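Please look at the sequence and the 3D structure below.

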Amino acid sequence: MLQCEICGTVFEDTMDKCPHCKSAHVVGYEMDNPVSRLPMEDILRVTGHIIWIIGIIGCLVLLWNTDKDNETLNMFFAIGGFLFLCGCLVFSVTLFGMGEILKRLIRVQRRVRAFSEGYHVVSRHKVKKPEAPDTEKQETTS
């Protein structure tokens with residue numbers, strides 16, 4: 001995808017000019033990365049929930065198989081179920097933490113970008129100096 005710097009319209013890179021303002025300046029286009037628009041913090045959070053659910057189901061399945069006559073096998077299934085649950089818990093909490101850190105980093109990045117864009121917009125405006133009155137025009141009219 002491309003984005004026109006003149007009007008900000010986003011369009012496909014197969015078009016040779018902006019469909020909105022018809023600008024054909026190549027310098028006026030910049031690449032817009034569609035992957036950067038993915039909500040990675042939400043993806044990490046959902047993946048953490050899925051792994052947590054898989055851990056619970058895996059633990060229950062292993063505990064369900066502890067009805068054998070062999071006590072060693074029953075102990076193996078019980079310990080394996082709790083270890084599987086603990087492993088999934090650690091992995092899902094890690095994903096939750098990464099999602100939260102990413103969300104906060106994106107929030108800080110947006111604030112810094114808004115501050116810097118606002119700062120540059122203010123500094124770009126030129127203040128017009130008051131024009132000195134023309135003495136020649138005043139002399140000719142009097």
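## Side-chain contacts

Arg45 and Asp42 form a salt bridge, with their closest N and O atoms 2.8 Å apart. A salt bridge here is a side-chain nitrogen of Lys or Arg within 4 Å of a carboxyl oxygen of Asp or Glu. The model is predicted, so local features need pLDDT of at least 70 and side-chain atom pairs count only at pLDDT 80 or more, while totals for chains, interfaces and linings use all residues. Residues are numbered from 1 along each chain as its sequence is written, and side-chain values use heavy atoms, with hydrogens and water left out.

Both Arg45 and Asp42 belong to helix α1, which covers residues 40–64. They are three residues apart, about one turn of the helix. Helices (H or I, at least four residues) are DSSP runs, numbered from the N terminus. Arg45 has a relative accessible area of 42% and is therefore partly exposed. Asp42, at 31%, also counts as partly exposed. The cut-offs are under 20% relative accessible area for buried, over 50% for exposed, and in between for partly exposed (1.4 Å probe, protein chains only).

How many salt bridges are there by this rule? The count comes to four. The table gives three of them, including the pair already described.

| Residues | N to O distance |
|---|---|
| Arg45 and Asp42 | 2.8 Å |
| Asp67 and Lys68 | 4.0 Å |
| Glu100 and Lys103 | 3.4 Å |

In the salt bridge between Asp67 and Lys68, Asp67 is exposed, because its relative accessible area is 59%. Lys68 has 37% and is partly exposed.

Glu100 and Lys103 lie in helix α2, residues 71–124. They are three residues apart there, so about one helical turn separates them. Glu100 is partly exposed, with a relative accessible area of 30%, and Lys103 is partly exposed at 35%. Salt bridges also link Glu100, Lys103 and Arg104 in a network.

The structure also holds one aromatic pair. The ring centres of Phe76 and Phe77 are 6.1 Å apart and their planes stand at 55°, so the pair is tilted. Rings of Phe, Tyr and Trp (its six-membered ring) pair if their centres lie within 6.5 Å; planes under 30 degrees apart count as stacked, over 60 as edge-to-face and the rest as tilted.

Notes
Helices (H or I, at least four residues) and strands (E, at least two) are DSSP runs, numbered from the N terminus.
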